[in-house]
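Hi,

Here is the model I said I'd pass on.

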Amino acid sequence: MQPLQGLHILDFFWVAIGPMSTSYLAEYGATIVRIESQGRPEVLRHAPPFGGGVSGLNRSAYYANYNANKYGFGLNMAHPKAVDIVKRFVPWADVVTENFTPGTMEKWGLAYEDLRPLKPDLIMMSASMLGRGGPYSRQPGFGPVLSSLSGMTGLTGWPDRPPTNPYGAYTDFVVPKFALPALLAALDYRRRTGTGQHLDISQLEAALHFMAPPILECANNDRESQRAANRHPAVAPHAAYPCQGEDRWCTIACMTDTDWQALCQVMGHPSWTQDDRFATMHGRKTHEPVLDELVGAWTADWDAYELMHTLQDAGVPAGVVYTNKEIIEDTQLAHRGHFVYMEHPDVGRHPVQRSEFRLSQAPAEHRWPAPNLGQHTVQVCQEILGMHDDEIQALIEDEVLEVDTRAAGGK
Amino acid sequence: MEPSQDASMLSPYRVLDMTHEWCLMSSKILADLGADVLQIEPPGGHPARRLGPFYHDEVHPERSLFWWSYTVNKRSISLDITTSDGQHLLKRLVSSAHFLIESGAPGELAALGLGYADLAAVNPELIVVSITPFGQDGPYAHYKAPDLVGMGLSGFMYVTGDADRAPLRVGFPHFYLHGAGAGAAGAMIAHMHRTLTGTGQHVDVSCQEAVARALANAPQSYALEASIIKRQGAYRQTGGGTFMRITWPCKDGYVNFQFSGGAGAGRSVNAFVRWMAEDGMGDGYLESLDFATLGYGAITQDMLERVVPPIERFIASKTKAELFEGATSRRILLFPVSSPQDILENPQLQARQYYQDLTHPELDTPVTFLGPFVQASATPLRMRRFPPKLGEHNLDIYRDELGLAVEEIARLRQTGVI
């Protein structure tokens, strides 16, 4: 019996943050119906890499990473009859999810206040970039921008250069850590009390919890942290050191005197390590530039993996700086089964990243790959909405419902 | 049924938190959702209390802003679980707890007779969440991973930073925060299972996996195209040979402006190009392109070299505030690279009354905290308690709940158990 068996989600989530959140639910047994329109396919369907290197709405492995185990329902939201179809789902839905700009669901007449009469204990989760209300509520956004509004970008980078954004739409992968517990807590509250509610997330307000100490420092001490590349405020050596080959690195972080002594042992106690300057943590921190040069001169002769294994075996915290290739090939991630390889006719064989936790009594399941646009429209109409075939056909001909686009050459 | 003023989503549930400093956020999420979280501290105080910054620079275990960031809404008891008395007390607490969250090295708790099997024997309904760098087993399970090491082994560093220098970590340590958040999520999925089965289970969280899930499409780019994604500084690779630019210097700092194709970003770039023209800094080539129909990953290195200079000149001529104001009225995807002060003053956060001030009898001024991570219409998240003092709730728990006599509590105190 899966943990979320019987949980019904009507899912308007798009891009990464939303679909990633519902992907956890799908792995553990929830039934998720994604509403998508051919007229405005969601951004990730246009994002590489594509199966066979050919772009197409059903060919994105980026999209496929977040949308396995979900049903694809094609609905032309621009059609006047579309909203009625959505409302027919509501009595079935435990949860309705959306992360459109605030005002979008309201414009369609699908706000929480509109849906609640159809299902009084409905839970709705909205996850806009900046939340409802406020002067910038309707500002369109995208992932990397929230890294900057939340202060993550400002603190990342070299002190003598402009700041650099953490890779990608980074906060898209931070916010689900808050959205998921909130949604499941609301479901539990409803189970106990019969009361649903609207969960309204501002992605910025959630992401800021990953930056709480520096923000509290500014708010309470009127002091702003500065970017420091890879340095630690109190500890040295603490850096990414160059290894053999091009652009090969190994991090070393001697968090204690013991770690430092173990590093010296592995290095064979070269005379420079006896220098008074490096005898204490404070000394190593004070003379960090020289220390980094000396350690880096030593690591440069090492293969990054051998260095990591040798140092870790001696109790020194160290690790290869993995490329994306090395992530795919990593033996620890393979041991965890992190990448679940799935087959899709247009994406081809592709890795889906599973949930990062293992439940001892409830395995995650990957039952089918990400749906094509409109792949399950007819099936969902029959099985969930209880529509007869002639009604379904009429709605397809009327271009309200949309069915699988694969027949059109995978475009 | 209308909930009372004090209704909260997780109020019936007790959480025992034994995590280290970087995983405190896991139970904080549950505490904010209403759970009764007991932070179990060594009798000398949780190591997090030694981490700065400190309130008004008072370097003191009851003034750590780091501790305060992640322990609002929690209670504190002191307990030395390395002692047999301590283990006995923990098991008594376990018998009435719903969740236990820990972040010891694999096998560390089992060596104390407090592994999952030991605790499940006491309370089969207990959910134990274990958060480790790599998981409970596997070739790296015993590796030490401070944040820098973990972020490197998660693939995140290689793709962050400038091309001509070393790879960079995110400037505030996030490796364990990702695992902590995942721990809260995994705990709640296990809880949903418990409502069906009546039993608990072990939730084994890997921080490396959590951060590997923050790599966007980089793993897939290798798997499908054998592309190695490289760090680009102000740019970002969107596929094997295509790029977008994100960071731009302006008059008084930096802004992010997503310069790429794709539906949303493309319309924004078109609007930006029109703004340049209105301001007399237009560029013919830019105006000839329709970025909305160019795909998300369609801009090549050559195109970038041609179009970046005129955009750079325009942005450099304006301040963060001017650029943001112009962007909001034109629906352009442009935002300032905020400093902590910018974040405090952010008009959107101010309008939503995000920041929360809590007063404390011993402090001269209220302390400013972050606000709720979700607005819940029926059960609003509230700040119910100031972060706890060390062992603040020892009597509430040991005397009033477990029924220990005062003499027993004194003995435990004397022998360093609590």
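Let's start with a quick one: which residue in S9(A) is the bridge partner of A:Thr251? It's A:Gly319. Keep in mind as you browse that this is a predicted model.

That bridge belongs with the pairing of strand S8 (residues 249-253) of chain A and S9(A), which is antiparallel and runs over three bridges. Zooming out, you'll see an open sheet of three strands in chain A, ordered S7-S8-S9 with antiparallel pairing. Strands S7 (238-242) and S9 (318-320) of chain A sit at the edges with a single partner strand each, so one side of each has no neighbour in the sheet. From one strand to the next, the twist averages 20 degrees. Packed on this sheet is helix H12 (residues 288-299) of chain A, which touches S7 and S8 of chain A; the helix direction makes about 40 degrees with that of S7(A).

Have a look at B:Ser268, in helix H10 (residues 263-278) of chain B. This serine counts as buried, at 1% relative accessibility. Its side chain reaches the backbone nitrogen of B:Leu333 at 2.8 Å. Leaving aside residues up to four places away in sequence, B:Ser268 touches B:Phe257, B:Arg331, B:Ile332 and B:Leu333.

The other spot is B:Leu304, in helix H12 (residues 301-316) of chain B. B:Leu304 is buried too, with a relative accessible area of 2%. From B:Leu304 to B:Met244 is 60 residues in sequence, yet their C-alpha atoms are 8.1 Å apart in space.

Cheers

Terms used: Residues are numbered from 1 along each chain as its sequence is written. Chains are lettered from A and ligands numbered from 1 in the order in which they are written. This is a predicted model: local features need pLDDT of at least 70, side-chain atom pairs count only at pLDDT 80 or more; totals for chains, interfaces and linings use all residues. Side-chain values use heavy atoms; hydrogens and water are left out. Helices (H or I, at least four residues) and strands (E, at least two) are DSSP runs, numbered from the N terminus. Buried means under 20% relative accessible area, exposed over 50%, partly exposed in between (1.4 Å probe, protein chains only). A polar contact is a pair of N or O atoms within 3.5 Å; within protein, one must be able to donate a hydrogen and the other to accept it, and residues adjacent in sequence count only if both atoms are side-chain atoms. Contact means heavy atoms within 4.5 Å. Two strands pair if DSSP finds at least two bridges between them. Axes are lines fitted to C-alpha atoms, for helices over the stretch in contact, and angles run from 0 to 180 degrees between N-to-C directions.
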